[in-house]
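Biologist: Shall we go through this model together? I will ask, and you answer from the coordinates.
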Amino acid sequence: MRITDLFMATAAAEPDRLFIAAESGERFSYGRTLNIARGFAGYLADNGIKPLDRVLLSFPNHERLIFAYLGALLRGCTVVLADHSSLPRTIASLLADSGARALLCPAGHPAADGSPLFLPFPGALPRARRA
């Protein structure tokens with residue numbers, strides 16, 4: 001069973017159950033987190049990221065890392081993780097070696113400057129689209 005299957009099963013069974021308690025004090029339930037992750041998966045699709053594409057994530061320990069990670073998995077992507085304090089040349093090497101189609105990191109990340117693969121994490125948390 002995949003991690004997304006387990007996560008979605010828990011979100012369906014207990015959507016109000018606490019999933020993340022952020023350092024800011026904000027709390028994210030399984031249901032809310034799933035909604036944000038689905039929105040992020042849509043954001044990836046809107047930016048040309050397809051299932052089976054590799055995406056590189058470089059975030060500090062923050063809830064946005066979890067949203068991006070789950071969203072990429074829900075999109076069907078392979079996630080490549082990089083330490084957020086990695087030097088730009090290290091990130092560039094990881095991008096090249098992994099064949100990643102996008103670099104997802106916070107705006108202002110040094111590796112994002114000039115990278116044609118940079119896809120900023122949206123300023124507002126994405127929400128799943130209504131059908």
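Biologist: Which residue in β5 does V55 stand opposite?
Modeller: V55 stands opposite A102 in β5. Strands here are DSSP E runs of at least two residues and helices are H or I runs of at least four, numbered from the N terminus. Please note that this is a predicted model, in which local features need pLDDT of at least 70 and side-chain atom pairs count only at pLDDT 80 or more, while totals for chains, interfaces and linings use all residues. Residues are numbered from 1 along each chain as its sequence is written, and side-chain values use heavy atoms, with hydrogens and water left out.
Biologist: How many bridges join β3 to β5?
Modeller: Three bridges join β3 to β5, and the two run parallel. Two strands pair if DSSP finds at least two bridges between them.
Biologist: And how many join β3 to β4?
Modeller: Four bridges join β3 to β4 (residues 78–81), again in parallel. L57 has L81 as its bridge partner in β4. Between β3 and β4 the chain passes through α3, and this β-α-β crossover is right-handed: with the strands pointing away from the viewer, the path from the first strand over the helix to the second runs clockwise.
Biologist: Turning to the core, which residues touch the most other members of the largest one?
Modeller: V55 and L104 do, in a nonpolar core of 21 residues. Such a core is a set of buried Ala, Val, Leu, Ile, Met, Phe, Trp, Tyr and Cys residues joined through side-chain atoms within 4.5 Å. Buried means under 20% relative accessible area, exposed over 50% and partly exposed in between, with a 1.4 Å probe and protein chains only. At least two core residues come from each of α2 (30–46), β3 (54–57), α3 (63–75) and β5 (102–105). A second, separate core of 10 residues includes L95, A100, C105 and A111.
Biologist: Is S58 buried or exposed?
Modeller: S58 is buried, with a relative accessible area of 0%. This residue is found in the loop between β3 and α3. Its contacts (heavy atoms within 4.5 Å), not counting residues up to four places away in sequence, include I91, L104 and P106.
Biologist: What joins the side chains of S58 and H109?
Modeller: A polar contact of 3.1 Å joins them; the term denotes N or O atoms within 3.5 Å, where within protein one must be able to donate a hydrogen and the other to accept it, and residues adjacent in sequence count only if both atoms are side-chain atoms. The backbone oxygen of D83 also lies 3.3 Å from a polar atom of the S58 side chain.
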